[in-house]
Amino acid sequence: MKDKKIIAYKNERTKKIAFNLRRLIVRAVMDEWMKLLREKKNKPMFECVRIENVRSDLYGALQASICECSSCRDTDDDMEYNAALREWYCTQCAQEYRDYYHKEKEIYGDHYGKVHDDEDFYESFL
Ligand SMILES: [Zn+2]
């Protein structure tokens, strides 16, 4: 098993502050994301493309951040970094992906890759 980088706050007060900060950052990013969407209205095509690129970068940065799980969008959980995907997942989602992979591997064995096209994704959680 690879080394896993897990952020788990033991102190309840620190945990509450971190989770509140995550929610605040997610809200600020999404507010800006929606503001940019409104700014697109009645703009020339090249300006719309520029704004959409900024929105895409903003969303990508949020998705790569520890602020929310890349799968379930939860902000209030311990987070595990997936270095292969360069994204953070809550420990529950990461475990569910591991469990699913092991279960499917038990069923299909060496034929897993012939039945699924997502083996790299699931293996990145092992
Ligand atoms: Zn999750």
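Guide: Here is a short tour, feature by feature. This is a predicted model, in which local features need pLDDT of at least 70, side-chain atom pairs count only at pLDDT 80 or more, and totals for chains, interfaces and linings use all residues. Residues are numbered from 1 along each chain as its sequence is written.

Visitor: How do two packed helices get described?

Guide: Two packed helices are described by the angle between their axes and the distance between the axes. The helices here (H or I, at least four residues) and strands (E, at least two) are DSSP runs, numbered from the N terminus. Axes are lines fitted to C-alpha atoms, for helices over the stretch in contact, and angles run from 0 to 180 degrees between N-to-C directions. Take helix α1 (residues 12-39) and α2: their axes come within 10 Å and cross at roughly 165°. That makes α1 roughly antiparallel to α2; angles under 35 degrees count as roughly parallel, over 145 as roughly antiparallel, 65 to 115 as roughly perpendicular and the rest as oblique.

Visitor: Which residues of α1 and α2 meet?

Guide: From α1 come Val26, Val29, Glu32, Trp33, Leu36, Leu37 and Glu39, and they meet Ile51, Val54, Arg55, Leu58, Tyr59 and Leu62 in α2. Being in contact is a matter of C-beta atoms, placed from the backbone, that lie within 7 Å. Sorted by kind, the residues of this contact are ten nonpolar, no polar and three charged. For that sorting, Ala, Val, Leu, Ile, Met, Phe, Trp, Tyr, Cys and Pro count as nonpolar, Asp, Glu, Lys and Arg as charged, and the others, Gly among them, as polar.

Visitor: Now the core. Which residues make up the largest nonpolar core?

Guide: A nonpolar core is a set of buried Ala, Val, Leu, Ile, Met, Phe, Trp, Tyr and Cys residues joined through C-beta atoms within 7 Å. A residue is buried if 20 or more other C-beta atoms lie within 10 Å of its own, exposed if 12 or fewer, and partly exposed in between, with C-beta atoms placed from the backbone. The largest one has ten residues: Cys69, Met79, Trp88, Tyr89, Cys90, Cys93, Ala94, Tyr97, Tyr101 and Phe125. Two or more of them come from each of β3 and α3 (91-108), and α3 gives the most, with four residues. Tyr101 touches Tyr122, Glu123, Phe125 and Leu126, leaving out residues up to four places away in sequence.

Visitor: What is worth checking about phi?

Guide: Most residues other than glycine have a negative phi, and most peptide bonds are trans. Arg73 is not a glycine, yet has a positive phi of about 70°. Arg73 lies in the loop between α2 (45-64) and β2 (79-82), and counts as partly exposed because 13 C-beta neighbours are inside 10 Å. Arg86 also has a positive phi, near 55°. Arg86 is in the loop between β2 and β3 (87-90), and is exposed, with 10 other C-beta atoms within 10 Å.

Visitor: Where is Ile6, and what is Ile6 in contact with?

Guide: Ile6 is in strand β1 (residues 5-7). Setting aside neighbours within four places in sequence, Ile6 is in contact with Asp78, Glu80 and Thr91. The C-alpha atoms of Ile6 and Met79 are separated by 5.6 Å, although these residues are 73 residues apart along the chain. Ile6 counts as exposed, because 12 C-beta neighbours are inside 10 Å.

How values were computed. Two residues are in contact if their C-beta atoms, placed from the backbone, lie within 7 Å.
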